[in-house]
Amino acid sequence: MKPESVTIQNLEAAFAGESMAHIKYRYFAKLARAQGDAETARIFEETAAQEVQHAFGHLDLLYPEARLTPARALEIAIEGETYEYTEMYPKFRHLALEEGNTSAVKEFDEQIAESKAHAGNFKRVLEKAAKRFAALAKVEERHANQYRAALEKANR
């Protein structure tokens with residue numbers, strides 16, 4: 001397997017940074033608004049929206065639209081969610097448990113369950129799409145056979 005380029009690694013890190021900034025700024029806006037500071041909330045919200053656009057720009061380079069089908073997007077999502085509930089969150093949970101951070105353990109348990117559910121949802125959609133595609137392929141094959149038969153008959 002070919003190692004990833006440094007540029008791809010940098011784009012992934014930039015995407016992660018922009019994504020985290022977006023959520024962090026949305027959270028800060030929520031806190032500022034709750035404390036009655038609408039002006040600060042507004043600037044955080046405006047900047048958060050810009051961070052989303054930056055993240056989308058990185059995604060455009062990581063997953064070019066011309067090469068990304070809905071099925072491939074579902075596969076990527078399944079891989080990510082499966083990693084979260086089988087590796088990432090269990091490891092985080094174990095370390096939080098060792099440190100006695102019961103709040104974090106509870107949060108990680110919830111995330112394990114949610115990531116598993118998300119992966120299941122994506123898998124169901126992918127399987128349903130595969131069945132539709134298989135059924136469509138059979139219909140197309142039947143039509144092609146009918147056209148062939150009609151052409152053969154017409155050419156006699």
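Which residues make up the largest nonpolar core? In this predicted model, the core holds nine residues in all. They are Tyr 85, Met 88, Tyr 89, Ala 96, Ala 104, Val 105, Phe 108, Ile 112 and Ala 119. Two elements give two or more residues each: helix H3 (70-99) and helix H4 (102-154). The largest share, five residues, comes from H4. In soluble globular proteins, nonpolar side chains tend to be buried together.

Helix H1 covers residues 6-34. At 1.5 Å a residue, its 29 residues should span 42 Å. The buried residues of H1 are Leu 11, Glu 18, Ala 21, Ala 29 and Ala 32. These buried residues pack against H2. After H1 comes Gly 36, which has a positive phi, near 85°.

Six aromatic pairs were found in a search of the whole structure. In one of them, Tyr 25 and Phe 44, the ring centres are 5.8 Å apart. The planes of these two rings meet at 40°, so the pair is tilted. Phe 28 lies in helix H1, so its pair with Phe 44 of helix H2 ties together parts that are 16 residues apart in sequence. Ring pairs link Tyr 25, Tyr 27, Phe 28 and Phe 44 into a cluster.

Glu 51 lies in helix H2 (residues 38-62). Glu 51 is buried yet has no salt bridge. The nearest side chain of opposite charge, Lys 24, is 9.3 Å away. A salt bridge would need a nitrogen-to-oxygen distance within 4 Å. Which residues does Glu 51 contact, leaving aside its neighbours within four places in sequence? The contacts are Glu 18, Ala 21, His 22 and Tyr 25. Of these, Glu 18 and Ala 21 are among the buried residues of H1, and Tyr 25 belongs to the aromatic cluster.

Methods
Residues numbered from 1 in each chain as written. Predicted model: local features only at pLDDT ≥ 70, side-chain atom pairs only at ≥ 80, totals over all residues. Heavy atoms only, no water. Helix = DSSP H or I, 4+ residues; strand = E, 2+ residues; numbered from the N terminus. Buried < 20%, exposed > 50% of the residue type's maximum accessible area, 1.4 Å probe, protein only. Lys, Arg positive; Asp, Glu negative; His and termini not counted. Contact = heavy atoms within 4.5 Å. Core = buried A, V, L, I, M, F, W, Y, C linked by side-chain atoms within 4.5 Å. Expected span 1.5 Å × (residues − 1). Phe/Tyr/Trp six-rings, centres within 6.5 Å; stacked < 30°, edge-to-face > 60°.
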